[in-house]
Amino acid sequence: MATATDKASSEADKDHDESRDPAYFSYYAQFVHQQNMLQDHVRTSMYQNAIYANGPLHFKDKLVIDVGAGSGILSYFAAKAGAAKVYAIEASGMATKIQKMIQASSSQNTFLHKKLEVIHSKVEDVKGLPRVDTIVSEPIGVLLLHERMVESFIYARDSFLKPNGCMMPSTGTIFLAPFSDGGLWTQTMAKVRFWEQTEFFGVDFSPLRKDAMDEVFAQPVVGNFDHRILMASTVSHHVDFRTVSVSQLKDIVIPISWVPAYTGIVHGIAGWFDIDLCGFVLSTAPNAERTHWQQVRFVLKEPLAVNAYEMIKGWFRMKVNSQRSYDVIIELTVGDKTAVSDPYSPWVTASPTDCGEESMPIILGSQNRRGKWALQEQTYWYSNDVMGAEYNKPELLSMYPTANASSTMLDVAPAVAFGQATNI
């Protein structure tokens, strides 16, 4: 008889193309990518602090699994925190590097000696392990869920965690807010303008303009930005890794309700996340210390004009795809008289670049915007400079206060320190 774990694994496999796995694991087998993550001081130090602080309760003399161990750093922290035994499960070639660390532990890193066992496998293929007290992992990608490693984290929970055992991280939260950034929109559109040329070495490329626009604007933009471009407070979606099922991660709809304090142009939606490491909050918010995850923005093909205190409604849907990621579909409407469509409408299932009006049941007007993005098709924004104090004046960001506003200056959100929440 199939177990609940077997059914969950089967569900996940239907939406997962295993032909992508060799390239995925080959990427993480490279030292350069492991180094990039290790040198993320916020990430590494937060995990270290959380493991050591929770050592007496969840690690000392405990059995521990590290899912997707990578360089093995979390396994090493767990061993130093006093774990009786750590099973480091790693599917990439980095498993052999962890094994070398173990082999050298009689004279170097002696805290690992006879404490660590490396298992070169995907966690879904592991058999015969005992139930453990604690599962630790860093299964997080862009917008929390990209790369779909959280599903492996959940599989490990269902297969190997003792009742009331500890999961680190225990929860994660996605945050979304509208942003105004004419510079980003202009640079995105500049990529399309190339394909508008009618005389490029004697060739007219303009028949490809629409295809180029569909493709370019379907690419999420990963990069840091100044929090002052955000036009309203966030909406959020909370994921409890201790209780969530794999099926619940396959299709997520986040309702949108924003009230901007300024008149301006919405160029898209910005997203980031927090994770809770058993009492230590690791934030990737734009006003937090920077991490290798940065933030992500979904740029609208056609920006949306809004008046101050005018309601923005809609939804943000994340649906798993076969590329170890998600298709993101968004609808925004402005004003109380504009209806919000069903996020499960047939047009939503079209490909990320096929979101023309002909596939949509409602004719879009000046108060509606829709778009689709493939979260794995990321492009990057390298302008990491924090804007100066003069940008407390909203007009410099093309946001305009009402005439009777009590304050016409943008609030300066304080930098987020370790352990603080980030719903800015």
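**Helix faces, core and pocket of a predicted model**

On one side of helix H3 (31-38), Phe-31 and Val-32 are exposed, where exposed denotes over 50% relative accessible area, buried under 20% and partly exposed the range in between (1.4 Å probe, protein chains only). The structure is a predicted model, in which local features need pLDDT of at least 70 and side-chain atom pairs count only at pLDDT 80 or more, while totals for chains, interfaces and linings use all residues. Residues are numbered from 1 along each chain as its sequence is written, and side-chain values use heavy atoms, with hydrogens and water left out.

The buried residues of H3 are His-33, Gln-34 and Met-37. Viewed down the axis of H3, these residues fall within an arc of 100° and so line one face of the helix; the arc is taken over the directions from the helix axis to the C-beta atoms. They pack against H2, helix H4 (41-53) and helix H7 (94-103), contact meaning heavy atoms within 4.5 Å. In helix H10 (residues 209-217), the buried residues are Ala-212, Met-213, Asp-214, Val-216 and Phe-217, and these pack against helix H9 (182-193), strand E12 (295-306) and strand E15 (368-374).

The protein as a whole has 11 helices and 17 strands; helices (H or I, at least four residues) and strands (E, at least two) are DSSP runs, numbered from the N terminus. Buried residues make up 53% of its 424 residues. Among contacts between residues at least 6 apart in sequence, 77% join residues at least 24 apart.

The largest nonpolar core comprises 115 residues, with Leu-143 and Phe-316 having the most contacts inside it. Such a core is a set of buried Ala, Val, Leu, Ile, Met, Phe, Trp, Tyr and Cys residues joined through side-chain atoms within 4.5 Å. Residues up to four places away in sequence not being counted, Phe-316 touches Leu-143 and Leu-176, with Ile-252, Val-253 and Ile-254 also among its contacts. Trp-258, found in strand E9 (residues 251-258), counts as buried at 1% relative accessibility. The contacts of Trp-258, under that sequence exclusion, include Leu-176, Ile-269, Met-311 and Leu-332. Trp-258 and Gly-314 are 56 residues apart in sequence and 9.2 Å apart in space, C-alpha to C-alpha.

The largest pocket has a volume of about 1100 Å³. A pocket is defined on a 1 Å grid over the protein atoms alone as an open set of points where a 1.4 Å probe fits, with protein on both sides within 12 Å along at least five of seven lines; lining residues have an atom within 4 Å of a point. Grid points are joined across faces, edges and corners, and the volume is the space filled by probe spheres set on the points. The lining consists of 45 residues, of which Tyr-24, Tyr-27, Tyr-28, Met-37 and Glu-147 lie nearest the pocket centre. Elements giving two or more residues to this lining include helix H2 (21-28), H3 and helix H8 (149-160).

Backbone geometry was also examined. A cis peptide bond joins Met-168 and Pro-169, with omega about 5°; Pro-169 lies in the loop between strand E5 (161-168) and strand E6 (171-179). Arg-148 has phi near 60°, a positive value in a residue other than glycine, and is located in the loop between strand E4 (132-137) and H8. Arg-148 is buried, with a relative accessible area of 4%.
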